[in-house]
Amino acid sequence: MGVITRNIAICTTLLLSGCSVNPVTGGGSFNLMSESQEFSLGHKVVSEEIARYGLYKDNPKLVTAYRDLGQKIVAVSERPNKPYEFLLLDAEVFNAAAIPGYVMTYRGLL
């Protein structure tokens, strides 16, 4: 096997190893990281946001309702067996973010 042929084979193997089935469409998708790496990155980002802003605690009923609604959505999603946390962050930021394993909403949206 020549050098060029071997390099093509190596590149093809690496590219195909990143392919997986998209749970929503059923089609193929290319992933640069594993699912466990995605969730690990999500945990890191969320930890930084919690350290920066803190969790919203002024209205426990609202926090519980938000979490309960989130879990109902997860139950009918394409990934119902994955752990998701729904967090309200205590910041006057008009924003929300979905990161593997987490959905964060900032107090500014309330």
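Q: Buried means under 20% relative accessible area, exposed over 50% and partly exposed in between (1.4 Å probe, protein chains only); is Y106 buried or exposed?
A: This is a predicted model, in which local features need pLDDT of at least 70 and side-chain atom pairs count only at pLDDT 80 or more, while totals for chains, interfaces and linings use all residues. Residues are numbered from 1 along each chain as its sequence is written, and side-chain values use heavy atoms, with hydrogens and water left out. Since Y106 has a relative accessible area of 5%, this residue is buried.

Q: Which strands stand at the edges of the sheet?
A: Strands (E, at least two residues) and helices (H or I, at least four) are DSSP runs numbered from the N terminus, and two strands pair if DSSP finds at least two bridges between them. The sheet is open, has three strands in the order β3-β5-β4, and its pairing is mixed. The strands with a single partner each, so that one side of each is left without a neighbour in the sheet, are β3 (85–89) and β4 (96–99).

Q: By what average angle are neighbouring strands of this sheet turned against each other?
A: Axes are lines fitted to C-alpha atoms, for helices over the stretch in contact, and angles run from 0 to 180 degrees between N-to-C directions. For neighbouring strands of this sheet direction is ignored, and the average turn is 15°.

Q: Which residue in β5 stands opposite L88?
A: Strands of a sheet pair through backbone hydrogen bonds, either parallel or antiparallel. β3 and β5 (residues 102–106) pair in the parallel sense, over five bridges. Opposite L88 stands T105.

Q: What angle does the direction of helix α2 make with that of β5?
A: Helix α2 (residues 35–53) packs on the sheet and touches β3, β4 and β5, where contact means heavy atoms within 4.5 Å. With β5, the direction of α2 makes an angle of about 25°.

Q: How far apart are the end C-alpha atoms of α3?
A: Helix α3 (residues 60–75) lies across β3 and β5 and runs at about 145° to β3. The expected span of a helix is 1.5 Å times one less than its number of residues, so the 16 residues of α3 should span 22 Å. In agreement with this, the distance between the end C-alpha atoms is 23 Å.

Q: What arc around the axis of α3 do its buried residues cover?
A: V63, Y66, G70 and V74 are the buried residues in question, and the arc is that of the directions from the helix axis to the C-beta atoms. These residues are placed on the same side of α3, because they cover an arc of only 75°.

Q: Which residues are exposed on the other side of α3?
A: The buried residues of α3 have a cover that includes β3 and β5. On the other side, the exposed residues are K61, L69, K72 and A75.

Q: How many aromatic pairs are there?
A: Rings of Phe, Tyr and Trp (its six-membered ring) pair if their centres lie within 6.5 Å, with planes under 30 degrees apart counted as stacked, over 60 as edge-to-face and the rest as tilted. By this rule, the number of aromatic pairs is three.

Q: What is the distance between the ring centres of F39 and Y84?
A: The planes of the two rings stand at 65°, so the pair F39 and Y84 is edge-to-face, and the centres lie apart by 6.1 Å.  F39 lies in helix α2 and Y84 in the loop between α3 and β3, so the pair ties together parts whose separation in sequence is 45 residues. Both residues are buried, and the distance between their ring centres is 6.1 Å.
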